[in-house]
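User: Could we go through this structure together? I would like to begin with the chain contact and then turn to helix packing.
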Amino acid sequence: MVYLLLILFAFVQLFPFYYMIMLSGKSNREIFSENSLAPPKRFQWSNYQKALLQGKIARFFLNSTIVTGASIALTLYLASTAAYAIKRIDWKYSRQMGLLLLVGLFIPMHSVLLPLFLLLRSLKILDSHLGLVLPYTAFQLSFGVLVLSGCITSIPAQLEEAAYIDGCSIFRAFFSIILPNMVPAMVTLAILVYRFAWNEYMFAVTFTSTELMKTLTAGLSGLKGQWQTEWGLIAAGMVISIVPTVVFYSLLSRQIQSGLMAGSLKL
Amino acid sequence: MRKQKRTALIVLLAPPLFFMALFVIFPLVTSGYYSLLEWDGIAEGTFVGLDNFVEMLRKGKIFAAIFNTLLLLLCSLFVQFPFAIALAIIIASRIRGEGAFRFIFFLPVVISTTVVCLVWERFYNFDYGALNNALELLGLETVRRAWLADSGTAVWAVIAPAVWQWTGFYILLFYTGVKSINEELYDSAKIDGATFRQIAFKITIPLIMPVVKVAVILTTVGSFKIFDYIWIMTKGGPIGLTHVPTTLMYIRIFEEYSYGRGSAIAVFIVLECVLITAVIRKLFVVEEVTH
């Protein structure tokens with residue numbers, strides 16, 4: 001019956017996770033001899049030990065964390081100030097500026113790869129955290145402005161008007177009235193930027209060259225060539241890399257799902 | 001107040017605009033400019049007008065790349081979508097464990113394509129991969145292949161993880177559409193004696209057409225931007241069979257140092273995306289179905 005179909009599909013969706021976890025617990029001998037579908041005879045935590053302590057994967061994790069964290073912070077800041085400026089400050093060109101800020105929604109990242117590469121190179125920030133944070137923020141900005149300006153519109157203007165009458169400046173109004181009311185939307189935006197930045201591959205692999213600076217995506221895929229025989233270790237790295245994502249997703253699944261849906265449907 | 005307004009505008013609006021201009025708009029324009037050059041990145045470039053585009057279309061490799069993209073798109077529209085719509089309707093119809101199923105179905109969407117690709121690469125391994133192991137267990141040794149290296153299966157092998165990862169996204173998208181349909185429509189249909197299948201085909205599906213339209217746009221544009229899956233698993237091989245426009249562009253730029261030709265492909269990708277979005281919007285004229 002219908003449940004069978006659902007359960008079958010759930011199995012299909014979950015199988016790769018099972019496989020990856022099983023793989024991370026196997027020693028090399030097991031990987032290259034046994035039936036790969038079977039679970040390991042004894043779970044080799046040494047793979048995780050090596051992954052976390054030996055340095056490379058831990059470094060990748062650190063880089064991803066720094067880049068993602070900074071991108072989230074910067075995007076939230078820029079998107080909220082932009083959204084507020086467009087929607088709440090009376091200006092001749094508000095509308096045009098608003099449209100200009102949404103341009104990023106239509107530009108595929110791939111098409112600006114070369115100029116960005118050359119630009120970052122001339123700014124001497126290739127192979128650095130900044131070299132990823134800045135492009136990531138730039139490409140999430142349009143989406144952020146879209147989401148947050150929608151949110152701002154729903155905040156009643158009376159709140160600020162009352163503040164202005166009391167002699168409040170525009171900045172004060174922004175920080176003490178608008179921002180607190182935007183928290184749910186900012187949380188949603190933060191999650192979506194997290195997902196983008198943590199998982200981004202193309203920029204990460206193009207703009208970083210040394211292993212010191214690679215994020216998890218670039219680093220793990222790069223290990224594939226070097227450590228041909230250490231798939232258990234790589235699998236451990238993969239599991240480690242998805243732990244934060246799965247944790248966030250488990251805690252906030254409803255928000256993540258609705259955030260992605262709302263964002264897509266706005267198009 | 002006016003002076004304060006101007007300061008506020010500058011402080012609040014200038015940084016974001018500057019960001020967009022420097023890292024998005026300027027590079028886009030530059031891409032366009034580079035596409036008109038013959039340039040190796042080191043020496044001075046020479047202006048060649050539209051030669052790069054002409055050569056791109058004449059040499060033909062781009063067409064094979066687009067063909068692969070279309071294969072993915074067709075898989076998405078005619079395999080993934082019907083399946084996703086069906087599952088969406090099912091889990092929207094008040095079954096037990098709906099939240100759990102949604103959670104599981106959507107899980108692949110949130111993890112990185114890198115991880116997805118690395119796992120699937122292990123699946124495909126000839127000697128130690130899950131796929132061939134499973135075939136052995138079923139007694140189908142002869143069906144085993146080097147899935148990513150075999151010219152007959154490589155393209156499908158690369159498409160599979162992409163479809164796998166995003167099905168949950170579309171299930172959720174269609175689910176959102178289904179859930180927004182007025183329950184009363186179902187009730188009155190049931191009173192008239194309609195079966196589940198009739199309701200699904202005559203009421204639900206027509207009413208979610210706006211959502212389907214968005215989904216079509218997303219999957220079309222998405223398939224033209226696909227990069228990760230191919231680059232991680234095959235880098236365009238074997239012998240360039242799995243190339244898509246983005247990987248072709250990547251090779252032109254970073255391996256062949258043909259900045260001009262690479263940029264021509266980049267411009268092509270942008271135009272593709274914009275054009276297709278506009279075309280789908282026009283073609284897919286969806287009338288609001290009212291009861």
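User: How many residues does the contact take from chain B and from chain A?
Analyst: This is a predicted model, in which local features need pLDDT of at least 70 and side-chain atom pairs count only at pLDDT 80 or more, while totals for chains, interfaces and linings use all residues. Residues are numbered from 1 along each chain as its sequence is written, and chains are lettered from A and ligands numbered from 1 in the order in which they are written. The contact takes 66 residues from chain B and 69 residues from chain A (two residues are in contact if their C-beta atoms, placed from the backbone, lie within 7 Å).
User: Which helix gives the largest share of the side of chain B that touches chain A?
Analyst: Helix α1 of chain B, residues 2–34, supplies 19 residues (helices, H or I, of at least four residues are DSSP runs, numbered from the N terminus).
User: Changing topic, at what angle do α10 and α13 of chain B pack?
Analyst: Helix α10 (residues 209–224) of chain B and helix α13 (residues 259–283) of chain B pack at about 165 degrees, with axes 10 Å apart (axes are lines fitted to C-alpha atoms over the stretch in contact, and angles run from 0 to 180 degrees between N-to-C directions). α10(B) is therefore roughly antiparallel to α13(B) (the term covers angles over 145 degrees).
User: Which residues meet there?
Analyst: B:V216, B:I217, B:T220, B:V221 and B:F224 in α10(B) meet B:I269, B:E272, B:C273, B:I276, B:T277 and B:I280 in α13(B).

How values were computed. Helix = DSSP H or I, 4+ residues; strand = E, 2+ residues; numbered from the N terminus. Parallel < 35°, antiparallel > 145°, perpendicular 65-115°, else oblique.
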